Amino acid sequence: MHPIFAMTGRAPGGRAAVDTPAAGGARAGGGPPESVAALLDVLTADHANALPRHAPAGPGKASTGPGSAPAERERDELRDSEARLRHVFESSATGIAIFDPDGRVVDANPALRRMLGHAEDPGREPVELFAPADLAALRAAWTTMPAGGTRVERRFTGPTGDPLWTNVALSLAHDGAGRLRYRVAVVEDVTEQRELRDYLRRQALHDVLTGLPNRQGFLLRLERAIHRPGSLTLCYLDVDCVAIVNDGIGYEAGDELLRVVARRLTAAVADEDATVARIGGDEFVVLVEDSPGTPGIPALAAAIAAELSEPVYLSGRGVGVSAGMGFVRTSARDVAPMSLLRQAHTALRRAEDGGKGQWGVYDAGQDARDRPRLALLAGLPGAVENGELAIGYRPVEHVGGPAAGTRAAVAARFRLPLPGYGAVAHEECLRCADAVGLSGRLARWLLAEACAFAAAEATPVLVRLSADQSRDPDLAAVVVAALRSSGLPPGLLWLSLDSAALTGGPDALEDNLTTLADMGVRRLLHGFACGVAEVALVQRQALHGVELDAPPAEPLARAALAAVLPLLRDGGVLVVGDVPGADLVVRR
């Protein structure tokens with residue numbers, strides 16, 4: 001294919017370069033530009049040189065001389081080809097510029113003039129169409145392009161001074177002797193595609209609400225920062241009051257609060273080489289590439305807290321803002337971005353254990369101690385699904401008196417052996433179930449299995465529930481289903497609810513205790529610590545018993561326990577635990 005056919009083939013981006021000519025699309029002054037005619041002459045000469053040479057007509061052969069019919073047809077075909085190329089140049093929606101061998105513009109078609117904002121000035125010299133820098137860039141591209149032509153992406157200056165993004169196909173036109181006659185540039189406007197691509201890229205890497213980098217965009221920046229020399233400080237923040245604002249004032253107010261927090265965090269580290277990002281919900285991160293003037297972590301935490309502390313006025317209400325913060329400072333170059341982010345998040349969660357608005361620094365030793373339990377939390381659903389979690393039964397025996405050592409009941413306990421962690425206790429399984437949202441499912445399974453076992457053994461069964469299970473509104477229905485499917489009399493089910501449920505909503509706990517009493521189920525309270533609220537609940541609900549954990553080590557606490565236990569026993573309450581004065585004990 002001849003290089004000039006770049007003008008009539010497919011333009012960059014796959015769009016056909018030949019369109020129906022628009023009205024008024026002819027060049028002012030009539031015929032084609034002289035440079036186009038010259039270019040067509042080059043093509044015509046090439047085509048003519050390619051025609052077969054005919055020998056003089058012999059006897060019985062038709063003549064192919066200058067005036068013969070075949071020669072006339074060939075000239076007509078050349079004229080038609082020339083007319084088609086003129087039509088392409090004048091009417092193409094793709095811009096075409098023709099340059100001389102030295103790179104000077106000798107002509108441009110109407111589409112290119114429109115593209116560059118000169119459609120209303122057809123008399124403008126071609127050399128004036130391009131800005132000097134744009135023209136220099138094209139000439140430079142020609143000097144380095146391969147023999148077959150090339151395609152480049154080039155930003156020109158648009159009609160209003162705005163960027164005009166284009167795909168440019170560059171090629172060369174030679175004459176029949178192989179001499180360079182013209183340079184050709186086919187220019188396609190891809191500004192809309194470029195802006196759409198940039199918009200989608202920004203959407204993929206930035207938070208729509210605040211305009212800050214999102215998690216993906218932040219991780220890219222964090223990875224680059226890790227591999228640069230020097231140390232860096234990463235702060236993971238959890239804004240405390242967003243949920244309250246959403247529920248109390250409205251989601252529009254909550255969105256505005258997040259935008260304000262984004263601006264304030266940016267202002268707090270404006271003097272540092274820092275990146276602020278929102279990585280989800282009410283969570284932000286601040287990355288500081290440390291300099292000699294970067295403050296220590298306590299000062300940085302104080303500066304961020306001070307910046308956030310000023311009330312934000314939303315719908316006429318001044319809302320206070322605070323945030324928990326977890327910090328990690330490192331100069332390591334072999335740490336993965338996600339690992340560093342996890343370390344900062346770990347520090348945040350430990351800080352939040354101390355209340356709202358607290359901050360902490362990553363502790364590698366504490367992290368190593370915590371990770372086995374966190375791994376247990378993450379793997380508990382799989383352990384349940386794979387049958388690794390089992391239920392065992394321990395004897396509940398009388399302590400003292402004529403029945404000492406005899407079995408009064410059995411206690412149903414979860415049993416989860418984990419390699420490298422040891423056996424996971426029943427109470428730990430319950431806490432993990434609450435943490436990962438498995439409490440309802442495990443309660444149904446535990447009660448169904450325990451009631452079936454007790455019915456088969458004709459013995460009471462003691463079942464401990466977690467805090468979430470104890471205040472679950474569906475607890476009564478779960479108990480009814482377990483009793484009905486097993487045929488166990490309600491009096492043989494000793495259901496021990498968690499005293500920790502008193503702090504999360506005592507009404508739900510008391511509703512469940514009342515309903516269970518109406519069903520005839522024996523009710524106990526475990527985690528009993530002799531608190532006033534606990535003692536009052538035992539008397540108010542007339543509970544069957546209490547379960548105590550290990551006795552306290554402090555003499556005063558032991559004296560208080562020793563004083564309370566006789567009062568409970570005098571009230572007919574069974575005391576279960578390995579403590580002096582207990583009625584029953586769960587054996588290992």
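These questions and answers cover a helix pair and a strand in a predicted model. Local features need pLDDT of at least 70, side-chain atom pairs count only at pLDDT 80 or more, and totals for chains, interfaces and linings use all residues. Residues are numbered from 1 along each chain as its sequence is written, and side-chain values use heavy atoms, with hydrogens and water left out.

Colleague: Which residues of helix 16 meet helix 15?

Modeller: Contact means heavy atoms within 4.5 Å. Helix 15 brings Leu475, Ala476, Val479, Val480 and Leu483. They meet Asn512, Thr515, Leu516 and Met519 of helix 16.

Colleague: How many residues of strand 1 are buried?

Modeller: Buried means under 20% relative accessible area (1.4 Å probe, protein chains only). Gly95, Ala97 and Phe99 point one way, Ile96 and Ile98 the other, and all are buried. For strand 1, residues 95-99, the count is 5 of 5.

Colleague: What is the bridge partner of Ala97 in strand 5?

Modeller: Strands pair if DSSP finds at least two bridges between them. Strand 1 and strand 5 run antiparallel, joined by 5 bridges. On the strand 2 side, Ala97 bridges to Ala108. In strand 5, its partner is Ala185.

How values were computed
Helices (H or I, at least four residues) and strands (E, at least two) are DSSP runs, numbered from the N terminus. Buried means under 20% relative accessible area, exposed over 50%, partly exposed in between (1.4 Å probe, protein chains only).
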